[in-house]
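Hi,

Here is the model I promised to pass on. Have a look, and my notes follow below.

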Number of protein chains: 2
Amino acid sequence: MKRPTIADVAQRAGVSKGAVSYALNGQPGVSEATRQRILAVATEIGFSRSSAARALSAATAGAIGLALCRPARTLGVEPFFMALISGVEAELSARSYALTLQVVADHDAEIAVYRRWWGERRVDGVLVCDLRTDDRRIPALEQLQLPAVVIGGPGGTGDLASVWSDDAAALTETVEYLAALGHRRIARVAGLPDLRHTEIRTDAFTAVCQRLDLVDAVTVWSDYTGEEGGRATRRLLSSAQRPTAVIYDNDVMAIAGLSVAQEMGLTVPGDLSIVAWDDSPLCRLVHPPLTALGRDIAAYGAHAARQLLAVVAGQPAGRVQDETPHLTPRGSTAPPRGR
Amino acid sequence: MKRPTIADVAQRAGVSKGAVSYALNGQPGVSEATRQRILAVATEIGFSRSSAARALSAATAGAIGLALCRPARTLGVEPFFMALISGVEAELSARSYALTLQVVADHDAEIAVYRRWWGERRVDGVLVCDLRTDDRRIPALEQLQLPAVVIGGPGGTGDLASVWSDDAAALTETVEYLAALGHRRIARVAGLPDLRHTEIRTDAFTAVCQRLDLVDAVTVWSDYTGEEGGRATRRLLSSAQRPTAVIYDNDVMAIAGLSVAQEMGLTVPGDLSIVAWDDSPLCRLVHPPLTALGRDIAAYGAHAARQLLAVVAGQPAGRVQDETPHLTPRGSTAPPRGR
DNA sequence: GACGCTGACTGAACCGGATAAGCTGAGCCA
DNA sequence: TGGCTCAGCTTATCCGGTTCAGTCAGCGTC
């Protein structure tokens with residue numbers, strides 16, 4: 001099956017290649033009647049423009065890139081990324097942009113991918129995930145002048161545009177809620193410590209616990225996997241002054257924590273209250289369903305994509321705030337027993 | 001930052017553009033000494049070929065496409081796709097191919113995407129997921145002559161290449177295992193009925209149950225979501241002759257089923273044995289950990305990607321078999337109580 | 001009726017590689 | 001020494017769009 005080119009359209013419509021190009025792009029230079037005729041011919045013979053030729057002459061790839069840097073073993077389990085991707089994708093495909101995806105092992109590999117994409121002109125811009133403190137990717141992208149939007153922050157994003165959500169406020173609200181239920185010993189199982197949002201949440205946790213005089217507040221670090229989340233929970237629940245409530249930095253660790261609690265003979269929420277960050281269907285899957293800090297992740301992704309397209313179009317890099325995660329109380333939180 | 005082109009390399013190496021092209025592509029036409037000099041210059045100035053220009057003149061996009069057709073609400077939850085994608089990706093990036101991803105609502109939209117990708121020459125080939133019985137995508141792709149590999153089967157893939165795993169054998173093994181434990185009333189919570197692999201598993205289930213004379217065997221249909229899986233389990237466990245073992249077509253439904261059983265006061269595996277299809281970290285997250293039918297999904301994806309690249313390279317469309325899922329017994333299966 | 005002006009369109013030059021065809025000089029042989 | 005081959009290049013053309021500089025008809029204007 002021979003693919004029609006712009007020349008075929010031009011010939012059939014009895015005009016030049018240039019006129020067809022103007023017509024297709026909504027540029028002035030052709031009369032309305034001619035434009036309609038050209039568009040009709042294009043539709044009739046099933047013409048679509050070669051992305052390669054367009055990229056070459058218009059110097060735009062029509063694609064944006066997303067490099068995922070989490071190790072393969074955690075990548076699949078959290079629903080977060082798939083939700084994010086589907087949101088990004090919805091926004092992009094609505095504007096006929098393609099999404100190019102690459103899984104990388106570490107930040108060096110990721111920077112190498114950015115460099116290659118830049119050199120190959122394969123993408124018009126990139127979305128950056130999992131912002132770390134002192135993130136080496138930021139200066140690398142600034143140097144390349146590759147349009148980018150960081151998903152994360154606030155802070156630490158250099159001169160790049162970013163989309164962020166107020167995790168500090170969400171965490172504060174959660175601790176206040178648990179404190180209001182009567183909890184005094186609250187623990188937090190955090191994600192990887194060098195991620196920027198872990199840092200932000202940790203600072204907020206420390207601050208609110210100090211303010212509410214929760215002296216037994218403790219944060220332990222983990223790596224977002226169920227294994228580590230379970231292990232951390234086991235340690236916490238084995239301590240002399242075991243917490244009566246635990247906040248987990250993702251849903252997978254929270255579910256693992258719930259299992260560990262049940263395995264150790266504790267009832268949830270009677271003996272232990274559990275809050276999960278990232279409200280996904282997983283949280284409603286288990287018994288009791290988990291109280292969770294949720295937000296519309298697909299919308300977050302769509303927001304970031306929109307922002308990136310704006311940057312690609314030459315608008316100044318802004319830092320826009322997305323929805324703040326909100327607490328959805330379910331069956332896994334209650335006043336501590338014996339209050 | 002100005003991006004170097006092949007002309008810059010040529011000038012600096014004191015040769016023509018053509019010579020550089022030959023050198024970069026490992027073609028004959030330049031001496032080994034010159035080739036090395038050119039490659040050194042290219043590395044030195046950080047040159048990489050424009051994917052657009054390459055695509056235009058070599059008529060190859062350097063990318064393959066993957067359209068995901070599951071509704072957004074189930075997409076994120078199952079770890080399956082992320083694992084598949086990371087496997088596909090590993091294989092592609094090793095050969096400098098890019099992965100273009102698109103999320104679509106239904107098969108019509110998916111076919112439209114294929115048509116657009118074909119017209120835009122945006123991808124060299126596509127991977128097709130979630131094969132259905134009488135899948136309209138197959139003839140559409142055959143008509144477009146867009147290289148494709150179907151992930152699924154056997155059967156129903158038309159003239160397209162495919163990579164499949166022997167789900168029938170895996171299911172048979174599982175039923176035999178449960179029967180050997182002493183189970184006589186085995187139920188199966190299946191995924192969407194019009195998926196080809198659901199059909200294959202259902203046929204195998206019927207056959208083995210008949211052979212083993214398990215007259216109470218029953219299959220109920222679901223949609224892969226936790227909600228539906230839980231609901232189906234509740235129905236099954238409320239029936240007069242409730243099953244003593246349930247096989248779930250994915251991990252998410254199995255976990256939901258486990259919760260429902262516990263919520264109804266049944267112990268697992270004492271009162272009910274549970275087997276999950278797709279062994280993911282989720283299965284080890286819950287208590288008891290789930291006996292599961294697992295396979296290396298990333299390897300499956302890599303296998304499919306390799307196969308697609310072969311088809312793109314002009315090799316005949318083959319139907320290759322991947323690893324058969326194998327049963328990993330864990331804490332969720334045991335002989336039925338009161339045997 | 002010569003002039004300028006505008007809208008509608010054409011022709012040709014690009015974009016950055018791949019590649020077929022052409023050229024050149026060294027090496028070899030008769 | 002002339003003729004031939006062939007490795008090792010160069011040159012030119014092409015891929016399929018975008019875009020800029022013209023061309024030209026038609027119209028109003030003084």
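Which are the buried residues of helix 9 of chain A? They are A:Asp167, A:Ala170, A:Leu171, A:Thr174, A:Val175 and A:Leu178 (buried means 20 or more other C-beta atoms within 10 Å of a residue's own, with C-beta atoms placed from the backbone; helices are DSSP runs of H or I, at least four residues, and strands runs of E, at least two, numbered from the N terminus). Down the helix axis they fall within an arc of 130°, so they line one face of helix 9 of chain A (the arc is taken from the directions from the axis to the C-beta atoms). Just after this helix, A:Gly182 has a positive phi of about 115°.

Before you go further: this is a predicted model, where local features need pLDDT of at least 70 and side-chain atom pairs pLDDT 80 or more, while totals for chains, interfaces and linings use all residues. Residues count from 1 along each chain as its sequence is written, and chains are lettered from A and ligands numbered from 1 in the order written.

Now the two chains. Their contact takes 52 residues from chain A and 53 from chain B (C-beta atoms within 7 Å, placed from the backbone). On the chain A side, helix 6 gives the most, with seven residues. Strand 2 of chain A and strand 2 of chain B run antiparallel, joined by three bridges, and A:Leu99 has B:Leu101 as its bridge partner.

Cheers

Definitions and conventions: Buried ≥ 20, exposed ≤ 12 C-beta atoms within 10 Å, placed from the backbone. Contact = placed C-beta atoms within 7 Å. Pairing = 2+ DSSP bridges.
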